[in-house]
Each structure stands twice: as structure tokens, then as C-alpha cells.
Amino acid sequence: MTTYGTIPAELPQQSLSLIVQAREFLGSGLGSRRKWEDMINIRALNLPPNVNEAVRRIRMNIVFFKTNYVIVVLFLLLLTLFFHPTSLVIIVVIMIAWFLQYFLRDNPLSIYGFVIDRNMIITVLTLFTIAVFFLTDVMSNIMSGITFGLTVVFAHGFFRTTDDLFVGDEKDINASQC
């Protein structure tokens, strides 16, 4: 009882491992990002001569700038949700519910002596998420944000020439052309 209300000097080992895992995951994902100067090179923008060249450009740019494109789409989705604060609040509440009930819980949930397993928690949270998304306008706001982001990505891929792009893995480009 003497430690009640005190702040621990160190984080518990479990919290540290969760933070380290999140940092490594984000670092590995953002590590494959290309330079923004390469992506927004004004001199490399022009109209493709034909449809086949346009499709080839889009495919190659998606392979080369895939991490940058994901960042752009997520940023535009977040920007779209800022114009709909109710949707943003609903998404944050759902994220908090998922984190508290599924990701951050080590012990099984017990309500009035009944132990609820992880499968039941996943089922209830999934049904709750789907119901909230379809009973509110959150789903339409998310879809409009993603559509806006994908439109920007495809427009960039359409106009951005690929002559100055050097991809280290040629197999990625060959796999995208299949």
C-alpha cells in the first residue's frame, strides 16, 4: 500500500518489448521509403504517348514508390477525416476498444466470474466495428478518403516518367508486369 499513487521509475518489461517491436515494425516499413525529391520531381512529369506506356508507368511507379504512396493515401485519409470530426472520434473510440480489449490484454477477460476467451472478444469487437461503420457515415467517409488518395496516386503514376528510376530489385517490376 505504500506504493499507491507513485509513478514507477521504469516501464515494465512487457511494455518495453511492445514499444521496441512497434519501433522495429515502423522502421522497417518506413526504411523502404524513397526520397520525396525523387517523387516530386517536376521535370519528370509529362503525358505518356500511349495507353501501354501509361499502364507501364503506373505499374513501375507503384513498385518504386509503394511506401510513399501508402503514406500519401493515409495522410489524405486523415485529412478527409478531419473534415468529419464525428467519424474521427468514432474511429478513435473503436481503436481504443480494440487496443484495450484485445492487443493490450494479457489475462482473460472475466465478467461476473465468467471467463471470456479471445475468440469471443474478437467476434464481439468485429461485429461492433462493422455495425458502427455501417450504422454511421464512417464507412462512406473512409471510402471517400481512400478514393481521393488512390486518385492522387494513380494521377502521379500516370504522369511521372520512369526513365530516371532505378529499382534495386528487378524481380519486383517483372512480378508487377505479369
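The legends below describe close-up views of a predicted model.

Residues are numbered from 1 along each chain as its sequence is written. Local features need pLDDT of at least 70 and side-chain atom pairs count only at pLDDT 80 or more, whereas totals for chains, interfaces and linings use all residues; side-chain values use heavy atoms, with hydrogens and water left out.

**View 1. Overall fold of the protein.** The secondary structure comes to eight helices and two strands, where helices (H or I, at least four residues) and strands (E, at least two) are DSSP runs numbered from the N terminus. Along the sequence the pattern reads α-α-α-α-α-β-β-α-α-α. Of the 178 residues, 26% are buried; buried means under 20% relative accessible area, exposed over 50%, and partly exposed in between, with a 1.4 Å probe and protein chains only. Contacts are heavy atoms within 4.5 Å, and of those between residues at least 6 apart in sequence, 81% join residues at least 24 apart. The protein exposes about 13,000 Å², with carbon and sulfur atoms supplying 69% of it. Accessible areas come from the Shrake-Rupley method with a 1.4 Å probe, and for residues only the protein chains shown count as cover.

View 2. A salt bridge is a side-chain nitrogen of Lys or Arg within 4 Å of a carboxyl oxygen of Asp or Glu, and a search of the whole structure finds two. In one, the side chains of Arg56 and Glu53 meet at 2.9 Å, N to O. These residues are three apart in helix H3, so about one helical turn separates them. In the other, Glu53 meets Arg57 at 3.5 Å, N to O; this pair also lies in helix H3, four residues apart, about one turn of the helix. Both Glu53 and Arg57 are buried, while Arg56 is partly exposed because its relative accessibility is 30%. The salt bridges link Glu53, Arg56 and Arg57 in a network.

View 3. Rings of Phe, Tyr and Trp (its six-membered ring) pair if their centres lie within 6.5 Å; planes under 30 degrees apart count as stacked, over 60 as edge-to-face and the rest as tilted. The whole structure holds three aromatic pairs. The ring centres of Phe64 and Phe65 are 4.9 Å apart and their planes stand at 90°, so this pair is edge-to-face. Phe64 counts as buried because its relative accessibility is 6%, and Phe65 is buried at 0%. Together with Tyr69, Phe64 and Phe65 form one aromatic cluster.

**View 4. A nonpolar surface patch.** Ile40, Ile42, Leu45, Leu47 and Phe159 form this patch, with about 510 Å² of accessible area together. Patches are made of residues with over 30% relative accessible area and no salt bridge; like charges are joined within 9 Å, nonpolar side chains (Val, Leu, Ile, Met, Phe, Trp, Tyr) within 5 Å. Leu47 lies in the loop between helix H2 (36-39) and helix H3 (51-64). With a relative accessible area of 60%, Leu47 is exposed.

**View 5. Segments annotated as "transmembrane region".** An unreviewed UniProt entry lists residues 63-82, 116-136 and 142-159 under this name. UniProt positions are given in the numbering used here, feature names are shortened, and annotations may be inferred rather than shown by experiment. Residues 63-82 are 95% helix and 0% strand, with end C-alpha atoms 29 Å apart. Residues 142-159 are 100% helix and 0% strand, and their end C-alpha atoms lie 26 Å apart.
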